[in-house]
Amino acid sequence: QVQLVESGGGLVQPGGSLRLSCAVSGFSLDYATIGWFRQAPGKEREGVSGIKSRDDSTYYADSVKGRFTISRNNAKTTVYLQMDSLKPEDTAVYYCARGPLGTSTTNWGKPLLYGTWGQGTQVTVSS
């Protein structure tokens, strides 16, 4: 069975950092796109970052470029999202999800293309 489990969320002050983890099982990262998404109350779920471990291609939303970094471990069992220079606007529940390997650069951030999701982890940026 395909599973994704997020961890690492918490409360952090503006300008601080958090590192989220997405532990995967039941499939190979080499044959998938892994996306990080976030959703704040009353707002649409939006793509934050994505990675294709097959060639380590990465993608970022404009709002997080230069602040967030996506990566995976060498065993290809975990995808990370390093979040630096956090802003209150980053407050949301963060989810990781699995999508097709062939997900294009145009479509990587579309939630409907991802079929399996983790349970989410809360990130709160506040002073």
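N73 touches T78 and Y80, leaving aside residues up to four places away in sequence. In this predicted model, N73 sits in the loop between β7 (68-72) and β8 (78-83). A polar atom of the N73 side chain also lies 3.0 Å from the backbone nitrogen of K76.

K76 has a partner of its own: a salt bridge with D30, where the closest N and O atoms are 2.4 Å apart. The two come from distant parts of the chain, 46 residues apart, with D30 in the loop between β3 and β4 and K76 in the loop between β7 and β8. Are these two residues buried or exposed? D30 counts as buried because its relative accessibility is 19%, and buried means under 20%. K76 is partly exposed, at 24% relative accessible area.

A search of the whole structure turns up six salt bridges. As a general point, side chains of opposite charge can pair when their charged atoms come close. Here are some of the pairs:

| Salt bridge | Closest N to O distance |
|---|---|
| D30 and K76 | 2.4 Å |
| D62 and K65 | 3.2 Å |

D56 is partly exposed, with a relative accessible area of 38%. D62, the partner of K65, is exposed at 66%. There is also a network of salt bridges, linking R38, E46, R67 and D90.

Now for the strands. Four of them make an open sheet in the order β1-β3-β8-β7, with antiparallel pairing. At the edges are β1 (3-7) and β7, each pairing on one side only. From one strand to the next, the twist averages 15°. How many bridges join β3 to β8? Six, and the two strands run antiparallel. T78 in β8, for instance, is the bridge partner of A23.

What about the nonpolar side chains? In soluble globular proteins, they tend to be buried together. The largest nonpolar core here has 27 residues, and W36, F68, V79, L81, M83 and Y94 have the most contacts inside it. Elements giving two or more residues to this core include β4 (32-39), β5 (46-52), β9 (92-100) and β11 (121-125). β3 gives the most, with four residues. A second, separate core has five residues, among them F37, A97, W108 and Y114.

Conventions. Residues are numbered from 1 along each chain as its sequence is written. This is a predicted model: local features need pLDDT of at least 70, side-chain atom pairs count only at pLDDT 80 or more; totals for chains, interfaces and linings use all residues. Side-chain values use heavy atoms; hydrogens and water are left out. A polar contact is a pair of N or O atoms within 3.5 Å; within protein, one must be able to donate a hydrogen and the other to accept it, and residues adjacent in sequence count only if both atoms are side-chain atoms. Contact means heavy atoms within 4.5 Å. A nonpolar core is a set of buried Ala, Val, Leu, Ile, Met, Phe, Trp, Tyr and Cys residues joined through side-chain atoms within 4.5 Å. Buried means under 20% relative accessible area, exposed over 50%, partly exposed in between (1.4 Å probe, protein chains only). Two strands pair if DSSP finds at least two bridges between them. Axes are lines fitted to C-alpha atoms, for helices over the stretch in contact, and angles run from 0 to 180 degrees between N-to-C directions. A salt bridge is a side-chain nitrogen of Lys or Arg within 4 Å of a carboxyl oxygen of Asp or Glu.
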